[in-house]
Amino acid sequence: MIELEEAVMEIIVNAGQSRSLCFEALRAAREGNIGEAKALLQQADGFSRQAHQMQTKLIEQDAGEARQPMTLIMVHAQDHLMTSLLARELSEEIIHLYQR
């Protein structure tokens, strides 16, 4: 059984790092460093993957049976993850525009 508080913090930390790297990638692209921007997006992907894997473990542990209590911090973690995923997608599109 995964400890809920640790799992939630892992999601928040990894999603936050992913989001930060996405914005670093955008700054690099704006400065004309497309290669660096793409490398930063790859780093962001690693952190995003870790956050998503923990989310998946929590979902599997819950098995759709409401075994996990829904807490404000869990909602906060979900918000961080979804925001970082959106930042990643948008960053890639914007970097393509800078590349043109």
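This is a predicted model: local features need pLDDT of at least 70, side-chain atom pairs count only at pLDDT 80 or more; totals for chains, interfaces and linings use all residues.
**Entry 1: the largest pocket**

I looked up how much space the largest pocket holds, and the value is about 180 Å³. Which helix gives the most to the lining? That is α2, with four residues. I then listed the lining residues: Ile11, Gln55, Leu58, Ile59, Asp62, Gln68, Met70, Met74, Ala77 and Gln78.

I found Gln55 in helix α2, which runs over residues 34–62. Is Gln55 buried or exposed? Its relative accessibility is 12%, so I noted Gln55 as buried, the cut-off for that word being under 20%. Next I checked its contacts, leaving aside neighbours within four places in sequence, and wrote down Ile11, Gln78 and Leu81.

**Entry 2: the salt bridges**

Side chains of opposite charge can pair when their charged atoms come close. How many salt bridges does the structure have? I counted two.

One of them joins Asp45 and Arg88, whose closest N and O atoms are 2.6 Å apart. Asp45 lies in helix α2 and Arg88 in helix α3, so this pair ties together parts that are 43 residues apart in sequence. I looked up the accessibility of both partners. Asp45 is partly exposed, at 23% relative accessible area, whereas Arg88 counts as buried, at 16%.

Another links Arg88 to Glu92, with 2.9 Å between the closest N and O atoms. These two residues sit four apart in helix α3, which puts about one helical turn between them. Glu92 is partly exposed, with a relative accessible area of 34%. Through shared partners, the salt bridges join Asp45, Arg88 and Glu92 into one network.

**Entry 3: Arg19**

I turned to helix α1, residues 4–30, where Arg19 has its place. What is the relative accessibility of Arg19? I read 37%, so Arg19 goes down as partly exposed. Leaving aside neighbours within four places in sequence, Arg19 is in contact with Thr83, Ser84 and Ala87. I also noted a distance to Leu86: Arg19 and Leu86 are 67 residues apart in sequence and 8.8 Å apart in space, going from C-alpha to C-alpha.

**Entry 4: Asp79 and its annotation**

Last, I checked the record. Which residue does the UniProt annotation "binding site" cover? According to that unreviewed entry, the annotation covers Asp79. I located Asp79 in helix α3, which spans residues 72–99. With a relative accessibility of 46%, Asp79 counts as partly exposed.

**To keep in mind**

For a reader opening this structure for the first time, I would go back to two places. The salt-bridge network brings together Asp45, Arg88 and Glu92.

Definitions and conventions. Residues are numbered from 1 along each chain as its sequence is written. Side-chain values use heavy atoms; hydrogens and water are left out. UniProt positions are given in the numbering used here, feature names are shortened, and annotations may be inferred rather than shown by experiment. Buried means under 20% relative accessible area, exposed over 50%, partly exposed in between (1.4 Å probe, protein chains only). Contact means heavy atoms within 4.5 Å. A salt bridge is a side-chain nitrogen of Lys or Arg within 4 Å of a carboxyl oxygen of Asp or Glu. On a 1 Å grid over the protein atoms alone, a cavity is a set of points where a 1.4 Å probe fits but cannot get out, and a pocket is an open set with protein on both sides within 12 Å along at least five of seven lines; lining residues have an atom within 4 Å of a point. Grid points are joined across faces, edges and corners, and a volume is the space filled by probe spheres set on the points.
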